[in-house]
Amino acid sequence: MVTLQSKWRYLVMLLAVQLVVMALLSREGNQRRVSYFFRIFRKTEHTASPPHGHNGTSGGDVYANLSAPARSAAREDLPYCPRKSPLIGGPIRVTFPSGLTLSGVERKNPLVTRGGRYRPPDCEAKHRTAIIIPHRNREHHLKFFLYHVHPFLQRQQLDYGIYIIHQAGNYTFNRAKLMNVGFREAMREEDWDCLFFHDVDLIPEDDRNSYTCETVPKHAAIAMDKFGYKLPYKMYFGGVSALTPLQYLRMNGFPNNYWGWGGEDDDIGIRVSLGGMSISRPSVNIGRYKMIKHKLDTGNERNPERFNMLAKTRQTWKLDGMNSLDYELISREYRQLYTNITVNIGTEEGLHPTPKSAAPADARIPTSSSTKKEKQANAAGKKTPDH
Ligand code: UDH
Ligand code: NGS
C-alpha cells in the first residue's frame with residue numbers, strides 16, 4: 001500500500017514537472033520551439049513508415065509513404081524540408097488500374113488543392129516546380145498520368161503545380177508552342193524556380209528522379225521502356241525536360257513553328273547548346289519512364305519540313321521563340337488535379353487565318369512518310385488503342 005502511494009506521488013511529480021516545462025516553453029518567443037518539438041514527433045511517424053519499394057525489381061506502390069495531413073498551425077512556423085526527402089523510395093511499380101476515374105484520383109490525393117497545387121503539409125518546400133503538359137484528346141492518358149505523378153511529386157516534398165496546356169480546335173498539333181504558352185501562363189501565376197516540360201504519356205518509374213532543376217537544362221527522360229531503357233541517340237531531348245526560367249529565356253524558349261510530329265525536341269536540344277549551355281541527365285537507372293502505348297494521333301502527322309527546319313535552327317532561334325510567341329487564351333480553369341489552360345495557337349498562317357488556310361493539316365500536308373496502317377487509321381478517324 002505504501003509503495004503504491006509513493007508510486008503515485010512520483011507520477012504526479014513527474015507530470016507536474018512536465019507541465020511546468022511545457023508552460024515555460026509555451027511562453028511567447030518559445031512557441032516556435034514547441035511546435036518544432038511536436039513536428040519532430042510527427043516527422044518520426046513519417047520516416048518510420050515502411051520504406052517505399054527499394055528492391056529494384058518489382059518496385060513500390062505508387063501511393064506508399066505519403067505525408068499525413070498537417071495538424072500544426074501557421075505555415076510561417078514550418079521549418080524548411082530536408083535536402084533529401086525522407087519519403088523518397090526507389091523504383092515505383094507503374095500500373096494502369098482498370099476503372100480508374102479522375103474523382104478516384106482526387107480521393108487518393110486529399111492534400112492536392114484546386115488547380116493541381118500542392119505544398120508539403122509539414123515543412124516549407126525548398127523547390128517550386130511547375131509541370132507543363134501539352135495536350136489534346138489524351139484524357140485517358142492524363143488520368144493515368146495524374147494518378148502516378150501526384151504521389152510521386154508529393155514524396156519529393158515539392159511545392160508544385162500541374163498545368164495542362166490544351167490546344168483548341170483541330171488544326172495540326174504543335175507541342176513546342178504549347179510549351180511556350182505553358183511557360184508564360186505558369187510564370188504569370190507563380191514565381192516557379194523550375195519548369196518540367198512533360199509528355200502526358202510518360203510515367204516516371206523511380207522516386208529518385210528528382211523533379212528539380214540543375215545548373216544547366218536537364219533532360220530527364222533518358223531511359224524509356226520503348227527505347228529499351230537507354231537513350232535512342234546522343235542529342236535526344238524529347239519526352240521530359242526541365243529548365244529554370246532563366247535557362248528557358250536564355251535559349252529564347254522553344255520554337256513556335258514546328259507543326260506536326262517530330263523534330264521540335266531536336267531543335268530544343270540544339271537551342272540549349274546555341275544558348276551556351278550543356279545538358280544534364282540523371283543516370284539511366286533513375287531517369288526511367290514507362291510510355292503509355294499509343295499510335296501517332298490524327299492531327300499530329302509527321303512534319304515533312306522538320307529536317308529542313310532543323311538545318312536552320314542556328315539562323316532562326318533568336319527570331320522564333322518566346323520573343324515571337326502569340327496566342328489567345330480561351331480559358332483557365334482550376335480543376336482539382338490540374339489547371340486547364342485552353343488556347344488558340346492559330347496556324348502557320350497566324351492567329352486568325354482565312355478559313356481555307358486554316359484547314360486541318362492532314363488535308364494540306366502530304367503524309368507520304370506515314371505508314372499505310374497509320375494512314376488507314378487516320379482516314380477512319382480511329383481512336384488510337386492504348387491502356
Ligand atoms: N499530344 C497530345 N495530343 C496529340 C498529340 C500529342 O496531347 O494529339 C501531346 C502529349 O502530351 C504527348 C506529346 O504531345 O505525350 C508528344 O506527342 P506523341 O506522344 O505523339 O509523340 P511521341 O514521339 O510518340 O512521344 C509518337 C508515337 C508514334 C511514333 C511513330 C513514329 N516513330
Ligand atoms: C527522332 C525525331 C524526334 C523524336 C525521336 C523519337 O527521329 O522528334 O525520333 O521518336 N526527330 C526527327 O524526326 C527529326 S519516337 O521513337 O519517340 O517516335 O522524338
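These are my notebook entries on the surroundings of two ligands in a predicted model.

**Entry 1**

I looked up which residues sit around ligand 1. There are 16 of them. Pro134, Arg136, Val200, Asp201 and Trp261 come nearest. I then sorted the shell by class. I found eight charged, five nonpolar and three polar residues.

**Entry 2: ligand 1, polar contacts**

Next I checked N and O atoms. A polar backbone atom of Arg136 is 2.8 Å from a nitrogen atom of ligand 1. Val200 also uses its backbone: one N or O atom there lies 3.0 Å from an oxygen atom of the ligand. Asp297 uses its side chain instead, with an N or O atom 3.4 Å from an oxygen atom of ligand 1. I also looked up the cover. On its own, ligand 1 has 670 Å² of accessible area, and the protein covers 84% of it.

**Entry 3: ligand 2, polar contacts**

I moved on to ligand 2. Which side-chain atom lies 2.6 Å from a nitrogen atom of this ligand? It is a polar atom of Asp266. Asp265 has a side-chain N or O atom 2.5 Å from an oxygen atom of ligand 2. Ligand 2 alone exposes 450 Å², and the protein buries 72% of that.

**Entry 4: ligand 2, shell**

Two elements each give two or more residues to this shell: α7 (264-274) and α8 (306-311). The largest share, three residues, comes from α8. Among the residues surrounding ligand 2 I noted Lys226, Tyr233, Trp261 and Arg306. By class, I found six nonpolar, four charged and two polar residues.

Key: Residues are numbered from 1 along each chain as its sequence is written. Chains are lettered from A and ligands numbered from 1 in the order in which they are written. This is a predicted model: local features need pLDDT of at least 70, side-chain atom pairs count only at pLDDT 80 or more; totals for chains, interfaces and linings use all residues. Side-chain values use heavy atoms; hydrogens and water are left out. A residue is near a molecule or strand if one of its heavy atoms lies within 4 Å of it. A polar contact is a pair of N or O atoms within 3.5 Å; within protein, one must be able to donate a hydrogen and the other to accept it, and residues adjacent in sequence count only if both atoms are side-chain atoms. Accessible areas come from the Shrake-Rupley method with a 1.4 Å probe; for residues, only the protein chains shown count as cover. Ala, Val, Leu, Ile, Met, Phe, Trp, Tyr, Cys and Pro count as nonpolar, Asp, Glu, Lys and Arg as charged, and the others, Gly among them, as polar. Helices (H or I, at least four residues) and strands (E, at least two) are DSSP runs, numbered from the N terminus.
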